[in-house]
Amino acid sequence: MDLLEKSPGRHVDDQREVAEPRDSRVTRRTLLRRAGLGIGTVLVAGSGALGYRAYDQGVLQVGDGPAYAPWSSWREQNGLLRLVGAAILAPSPHNAQPWLFEIGSGRIDLYADRARWTGATDPFRREQYVGLGAALENLVLAAKANGYAPQVTLLPDGSGSSHVARIELARSSPQASALYAQIPNRHTNRYAYVQGKRAPTAALDAMAGLNNSATGDARLFWFAGAAQRSLIGDLLIEATEALMADPDQSASDYAWFRQNWDEIQRQRDGITIDAAGLSDLVAALAKLLPAQSQTATDNAWLAATRNTHTKTAAGYGIVAVRDADHNLQRLQGGRLLERIHLWASGNGIALHHMNQLTERADREIQLGLAHRFGDQLTELMPSGWQALSTFRIGYPTHTPHKSPRRSVAAVIVT
Amino acid sequence: MPRSPCVVPGHPHPRAFQPKVGLFAPGAICFTTAGPLWYLPGAILVGSGVAALTDLRSETSTLRATIDRNWTSILTAVLALFYVFLGATALGLAGVLGILGGLAVLAVLAFRTRLAPALGLALLAVATVPFALLVWWSFAVPLIGILLIATGWTALRSSAQHTGKRSTGVVARSD
């Protein structure tokens, strides 16, 4: 007799008898399978959230969108608007773009947008007027290239007025220059530069020779020797530390740092993560993660100044004038600075504006502090010259990304 | 308790329509937004709502088993749609690779029962790797790419196992 039949409660069916041990193995296996599927589902959901964050922060859209359109559409403007399209591509302190334009019959008037001021970082509006000078230089270059003979009158309503310049435009034969061709290519390069590669003397002399009648008394002084680079590098680091320690300067600096993609597309100004000189991976992570605090941003800036900017600078240039408090000379200095930057762009040399020294020097005067950095600058400059704007140069290791710009329509006043 | 006048004998309970409405409503909203990127989830939701209109009450257990058996394929398809989405936001060649790569993964899934697992895995890699390599620094795309290959491989193996079991069953029964 079949044992299976004698045993009470046992299954007679052989298949079901064999199935009993297998059921317990299937249960554990099923449990593991479901756990794996659960983990996979969570990972997929998490990756979806990460992917959406990447889209929302423009990780894959570097330099794209309405905020960057002026870089590609500036030549599509008609008439005198094309000259404004060139002007707005100029650099400005913290990319504040402190300019407004009024177009008349055969003329353009440039005004200072006083609301676009970087506050404690630029207490006497020195950098604001240097930036306006840079925009004016772009406008003049574009005017010549588009068949106009520009006649510039600086500060037609006096130094205290926001009316910066009147540019009368008579028709003439087009004169496109090498500097004009670099207008859409000029970007501040905050990356590391090639270490040990010095700019040739011919290049330094060429940039120093870019002043002309329009730039007045503005001059470029180079600090390319090892000792000079070390001295200025140390001063820049100390000035950065002092800026961070000043609550108002730190806050006014942070206010112009744009970390949100929607904000960039809406405001179309300021310093962005993409233009901060970070590697692609670090920039992507910075965009994916929550926005950095003011303290974290300050610390990152100091680290970059110490470990990247000053460490890899091939040299420093200081644009100087006779009187750095004079708006007219600031405008002239700004025009020279822009000519230098455009020349550098066209000759494979990177340039990065580093104005911590003059920012602290002005702040010392504003607050009645000891003239620590002011005196240092005075010692650096030849007698009779005052430092207006400082920058570093070198050979690039990365191509810089574009920075946002407000549209031509946004800066036209009627 | 009196029967609700909404309940008709022989027809699905009104509550059965809640998930279907729940698919249509957000799907329709997607098409009212300004951004074209919303059209993709909108189409998925509306399409799912149409499919759900079929009275599945009698086939719930079958449906559940089908979803359970194909869950890795569903996850892979979702990841492929993420790829398409990110490709749509990327610039230049990266965008093309992302969109085509995501669509290619969906094609591999659609034909997974006819593909040898090794071939399917190779196709998954060809579809996924270029986009991930080109924008390796984006962090999100490489991570999704890795998950795509992992879940896709699991889906291919699972499909092959189910196909093999059905074949074995036929042979055993014929014995």
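Q: Which residues are buried in helix 14 of chain A?
A: First, a heads-up: this is a predicted model, where local features need pLDDT of at least 70, side-chain atom pairs count only at pLDDT 80 or more, and totals for chains, interfaces and linings use all residues. Residues are numbered from 1 along each chain as its sequence is written, while chains are lettered from A and ligands numbered from 1 in the order in which they are written. In helix 14 of chain A, the buried ones are A:Q356, A:L357, A:T358, A:E359, A:R360, A:A361, A:D362 and A:R363.

Q: What do the buried residues of helix 14 of chain A pack against?
A: Helices (H or I, at least four residues) and strands (E, at least two) are DSSP runs, numbered from the N terminus. The partners of those buried residues, all in chain A, are helix 5, helix 8 (226-245), helix 9 (247-254), helix 15 (372-380) and strand 10 (386-394).

Q: How far apart are the end C-alpha atoms of helix 14 of chain A?
A: The expected span of a helix is 1.5 Å times one less than its number of residues. Helix 14 of chain A has 12 residues (356-367), so it should span 16 Å, and that agrees with the distance between its end C-alpha atoms, 16 Å.

Q: What is the handedness of the crossing of helix 8 and helix 14 of chain A?
A: The axes (lines fitted to C-alpha atoms, for helices over the stretch in contact, with angles from 0 to 180 degrees between N-to-C directions) come within 8 Å and cross at roughly 50°. Helix 8 and helix 14 of chain A are therefore oblique to each other, given that under 35 degrees counts as roughly parallel, over 145 as roughly antiparallel, 65 to 115 as roughly perpendicular and the rest as oblique. A crossing is left-handed if the near helix is turned anticlockwise from the far one by less than a right angle, and right-handed if clockwise. The crossing of helix 8 and helix 14 of chain A is left-handed.

Q: Which residues of helix 14 of chain A make the contact with helix 8 of chain A?
A: Two residues are in contact if their C-beta atoms, placed from the backbone, lie within 7 Å. Helix 8 of chain A brings A:L235, A:L236, A:A239, A:T240, A:A242 and A:L243. From helix 14 of chain A come A:Q356, A:L357, A:E359 and A:R360.

Q: At what angle do helix 5 and helix 13 of chain A pack?
A: Helix 5 (residues 126-145) passes helix 13 (residues 327-346) in a right-handed crossing. Their axes are 6 Å apart, and the angle is about 55°.

Q: How many charged residues are in the contact of helix 5 with helix 13 of chain A?
A: Ala, Val, Leu, Ile, Met, Phe, Trp, Tyr, Cys and Pro count as nonpolar, Asp, Glu, Lys and Arg as charged, and the others, Gly among them, as polar. This contact holds 7 nonpolar and 7 polar residues, and the charged ones number 6.

Q: How do helix 9 and helix 12 of chain A lie relative to each other: roughly parallel or roughly perpendicular?
A: The axes of helix 9 and helix 12 (residues 294-312) of chain A come within 10 Å and cross at roughly 90°. That makes helix 9 of chain A, relative to helix 12 of chain A, roughly perpendicular.

Q: Is A:R268 buried or exposed?
A: A:R268 is found in the loop between helix 10 (261-267) and strand 7 (271-272) of chain A. Its phi is near 60°, positive although the residue is not glycine. With 22 C-beta neighbours inside 10 Å, A:R268 counts as buried.

Q: Is A:T201 buried or exposed?
A: A:T201 is found in helix 7 (residues 201-208) of chain A. There are 10 other C-beta atoms within 10 Å, so A:T201 is exposed.

Q: Which helix of chain B gives the most to the side that touches chain A?
A: Chain B has 7 helices and 0 strands, and 21 of its residues are in contact with 20 residues of chain A. Helix 4 (71-89) and helix 7 (140-174) of chain B each supply at least two residues of that side. By class, the side has 17 nonpolar, 4 polar and no charged residues. With 9 residues, the one that gives the most is helix 4.

Definitions and conventions:
Buried ≥ 20, exposed ≤ 12 C-beta atoms within 10 Å, placed from the backbone.
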